[in-house]
Amino acid sequence: MSEPRTRSAPAAGGSQPQEAVVLRNLLRSPGYLKALAFCALIGIPVSLVAFWFLVLLHELEHALWANLPHALGWDTPPWWWPFPLLLVAGIGVGLIAARLPGAGGHVPVSGLDDSGPPSSRALPGVLLAALASLPFGAVLGPEAPLIALGGGLALLFRNLAQVPATARSAVLLGTAGAAAAVSAIFGNPLIAAVLLMEVAGVGGPQLFAVMLPALLSSGVGALVFTGLGRWTGLATGNLSLKLSAPLPRLDLADVLWALAIAVVLAAVLHPLLAGARLIASYVAERPLVRTVLCALGAAACAGLYALITDRSPVQVTSSGQSTLAALAADPHAWGVGALLAVLLFKGAAYALCLGSLRGGPVFPALFLGAAAGVLLSPLPGLGVVPAMAAGMAAASVIALRLPVSSVLLVVLLLGSTAMMPVVILAAVVAFVITELLPMGAVHEPEGGPGGS
């Protein structure tokens, strides 16, 4: 795939090329059009692989946390259930991080910015680390492994097709493959495309150059996911919320409290993420032993939560995707004590997993934000739905540092634009505060995200 050539025309000032001309020439170049067609084609096999990977994760998690306890006579897993499962996760990820190329992928606390396409040698380790982490109770989501899977497969298909490799084609194909793979987990191809474009961090004509393949490939991916889901009847666990009450009309109190929620969550989650970065640096020195210790620490958080509240440890383990849906459907089923406990113990387990296991940061952050919103919703003049919306937006942007994607994700989750003002305000305030605070460095495992 040859590098597209662009002709520049002088701008009004006479020195810089006009962006419109650059973009027009880019779209007319045969190299870019071939890249666009190839992105549409690779969206099909990438989506097929991603679908079955998600099905495997979903079925394994259901078997370990629902079917097996039921077969042994428990309605819900007992308090000690997370210990053996997360021990397996710690040993598996520790061995992969210590011995396989690419160390199982990037550390989740790095966010999604560092989850670029892994090399063909590193891709198996990334998938194995996700399989060792997510079904066994890691407090992480599947989005980062999916992004790595899609981008890595796209570049692998490019090499198998003997398409000439260039820096631009690597960016276009990697972004398009990742968008195709991740489109179903959010239940909407648009959020996948926007997320990958925001992660790419380009502007001007380059933004359009990356946007078109990402949109095209995510649309193809969504079609494949929809068709396979209907044909097979298998679930991949997409994220959607069914609220217990109609969406209310916003008033001034909702808006003001949304700003306060954003400030509070920034003050709480930023130190939590800073702690996760310290954990990542700690684990990187001795990955096997210390990954196991962190995994057992996350299991202890779930066990203590179950003992104290007499609730299922599943509410602390895993991504929080199903628990978030249950919270949105019936927020009044959670008392103040249960909400405080789940925020404390799931937050601690989240920090431990962010610095040690493998997965993505989005889903647990959404749950923590929603739970904080429900906890604060009795404040005077604040409704449950606006509080949840503001909490999810603030927590998502703090974890991802991608404000546009965070706003779009929360609006799509709610299924309406009625809460958009509080979502935008909470996201912007939380993003500004987080950016002004010191971030701290993350020590990546030897081999880096992409492998050697």
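Where is the place of Ser 318? Ser 318 sits in the loop between α10 and α11. The structure described here is a predicted model.

Ser 318 has a phi near 65°, a positive value in a residue other than glycine. Most residues other than glycine have a negative phi. Ser 318 counts as buried because its relative accessibility is 3%, and the cut-off for buried is under 20%.

Asp 310 is also placed in the loop between α10 and α11, where α11 covers residues 321-329. Although Asp 310 is not a glycine, its phi is positive, at about 60°. Is Asp 310 buried or exposed? With a relative accessibility of 72%, Asp 310 counts as exposed, whereas Ser 318 counts as buried.

## The nonpolar surface patch

A nonpolar patch on the surface is formed by Leu 68, Leu 72, Trp 74, Trp 79, Trp 80, Leu 304, Leu 307 and Ile 308. Together these residues have about 780 Å² of accessible area.

Which helix gives the most to the nonpolar patch? That helix is α10, residues 287-309, with three residues. Leu 307 lies in helix α10 and is one of the patch residues. Its relative accessible area is 52%, so Leu 307 is exposed; the cut-off for exposed is over 50%.

## The nonpolar cores

In soluble globular proteins, nonpolar side chains tend to be buried together. In this model, the largest nonpolar core has 125 residues. Within this core, Phe 186, Met 392 and Val 423 touch the most other members. Helix α14, which runs over residues 384-400, gives the most to this core, with 13 residues.

Which residues is Val 423 in contact with, leaving aside its neighbours within four places in sequence? They are Ala 389, Ala 393, Val 407, Val 410 and Val 411.

## Val 264 in helix α9

Val 264 is found in helix α9, which spans residues 252-285. Val 264 counts as partly exposed because its relative accessibility is 43%, a value in between the cut-offs of 20% for buried and 50% for exposed.

How many residues apart in sequence are Val 264 and Ala 430? They are 166 residues apart in sequence. In space, the distance from C-alpha to C-alpha between Val 264 and Ala 430 is 8.9 Å.

Technical notes:
Residues numbered from 1 in each chain as written. Predicted model: local features only at pLDDT ≥ 70, side-chain atom pairs only at ≥ 80, totals over all residues. Heavy atoms only, no water. Core = buried A, V, L, I, M, F, W, Y, C linked by side-chain atoms within 4.5 Å. Buried < 20%, exposed > 50% of the residue type's maximum accessible area, 1.4 Å probe, protein only. Helix = DSSP H or I, 4+ residues; strand = E, 2+ residues; numbered from the N terminus. Contact = heavy atoms within 4.5 Å. Patch = residues over 30% accessible without salt bridge, like charges linked within 9 Å, V, L, I, M, F, W, Y side chains within 5 Å. Areas by Shrake-Rupley, 256 points an atom, 1.4 Å probe, with all protein chains shown as cover. Salt bridge = Lys/Arg side-chain N within 4 Å of Asp/Glu carboxyl O.
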